[in-house]
Amino acid sequence: MSVTKLLAISLGAILTNNFIFSQFLGICPFLGVSKKSDTAIGMGLAVTFVMGLASAFCFGVNKILVALGLDYMQTVAFILVVASLVQFIEMFLKKSMPTLYTALGVYLPLITTNCAVLGVVLLNVQNDYNFIESVVYGITGGLGFLLAIYLFSTVRERLEFADYPKAFEGFPIALITAGLIALAFMGFSGLQVWPM
Amino acid sequence: MNFNKQLKDGLIYQNPVLVQVLGMCSTMAITTSVSNGLGMGLSVLVILTLSNIFISLLRKIIPNEVRIACYIVVIAGFVTIVDLCLQAFVPAIAESLGVFIPLIVVNCIILGRAEAFASKNSVAASAVDGICQGIGYTAVLLILSAFRELLGAGTLLGIQIMPSSYVPANMLTLPVGGFLCLGTLIAIMQWALAKSEKKNAAKKETEGK
């Protein structure tokens, strides 16, 4: 494991293989909570936090499952880990950091069904990442999500004053906007860190 | 219970993707080819129907406070079964759908129907609801994937359809194409629904007179 590899993973997760714009993971919260930029940032930070933690925990869980020969139970085990993790974070924040808890509010429980979280865990296993790589991939993937949702929310705030056909109201125009941002993100696809 | 009405709801008026806007991730990610769309659509149909039946059976036993966790465990169980079946019988499709098969667990369509329908209705009605919503989802996937594969690669189910002089619009099979096509499809749907509503309202008005 080298620093270059970690750098390549981070760069990939944030820009070239952005979770939203090129892997289509986490679209639901991306469309759902991007109407205002401050809530978007809150959601992005919460997701980053959970993705990092989930990567770390599931790495251990996966090792246990493989050792027991139960790797076909991965999906069930991972979703349980993610769900209980979110529940614990919620309880912990409520007790020790009430300000952060109220700021995140309703978004916390929503993270359980965010496919970016389960997705990053599954991708870690698929790509055979070791512990540090998994955690780095989890956190930087979350940062990529944060970048995407923040950019999108700022555009969306301006959309309110835009004039577009009535049939496009709501989700369609949001999707088209996201498509255009995705087009811009394609420009990053040439980026590479050598040697891979 | 009205099968016709439920089918119409699933296909049009309450279409899971176009009207309820659920399960967007998989919809955009895997509709790059018709075979992927069909595989994904049928997998979701099976899982949705089974989990609806099961959750409806358990609806009086599951305590209200932990219901979401219980639903997720039931769904995850069925997803694992389908995942293993796909890997065993159609490895090519399992390969190309990749991580999106296990991700059906967090597909909001399934959890949404469990919460909104199966937890309140009888087993038979829930099964029918699962089938109808699944058909609606599959239909959207087929439309989107046929469009994207035909224009983006010039093929349908891997068979060359467009004349060889046609230059494929690669963009459509890239992520950008997914966003743009789905956005346009939802817009068309909203336009059509608004139009039929207007028509109905006008009809009622003339009848009223």
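Biologist: Which element gives the largest share of the lining of the second largest pocket?
Modeller: That's α4(B), with four residues. Helices here are DSSP runs (H or I, at least four residues), numbered from the N terminus. A pocket is an open set of points on a 1 Å grid over the protein atoms alone, with protein on both sides within 12 Å along at least five of seven lines, and lining residues have an atom within 4 Å of a point.

Biologist: Before we go on, what sort of model is this?
Modeller: Predicted: local features need pLDDT of at least 70 and side-chain atom pairs count only at pLDDT 80 or more, while totals for chains, interfaces and linings use all residues. Residues are numbered from 1 along each chain as its sequence is written, chains are lettered from A and ligands numbered from 1 in the order written, and side-chain values use heavy atoms, with hydrogens and water left out.

Biologist: Back to that pocket. Which residues lie nearest its centre?
Modeller: Q74(A), Q126(A), D83(B), Q87(B) and P102(B), out of 19 lining residues. At least two residues each come from α4 (74-96) and α7 of chain A and from α4 and α5 of chain B.

Biologist: And what's its volume?
Modeller: About 480 Å³. A volume is the space filled by probe spheres set on the grid points, which are joined across faces, edges and corners.

Biologist: How does the lining split by class?
Modeller: Nine nonpolar, seven polar and three charged. Nonpolar covers Ala, Val, Leu, Ile, Met, Phe, Trp, Tyr, Cys and Pro, charged covers Asp, Glu, Lys and Arg, and the others, Gly among them, are polar.

Biologist: OK, the largest pocket then. How much space lies in it?
Modeller: About 860 Å³. Of its 40 lining residues, T16(A), N17(A), N18(A), S22(A) and Q23(A) are the closest to the centre.

Biologist: Which element gives most there?
Modeller: α1(A), with eight residues. By class, the lining has 24 nonpolar, 14 polar and two charged residues.

Biologist: What classes line it?
Modeller: 11 nonpolar, five polar and no charged. α2(B) gives the most to that lining, three residues.

Biologist: How much area is buried between them?
Modeller: About 2900 Å², and carbon and sulfur atoms give 86% of that. Buried area is the accessible area (1.4 Å probe) that the two parts lose on being put together, summed over both. On chain B's side, C25(B), V106(B) and F179(B) supply 22% of what that chain buries against chain A, more than any other three residues.

Key
1 Å grid on protein atoms, 1.4 Å probe; cavity = no way out; pocket = protein on both sides within 12 Å on 5 of 7 lines; lining within 4 Å.
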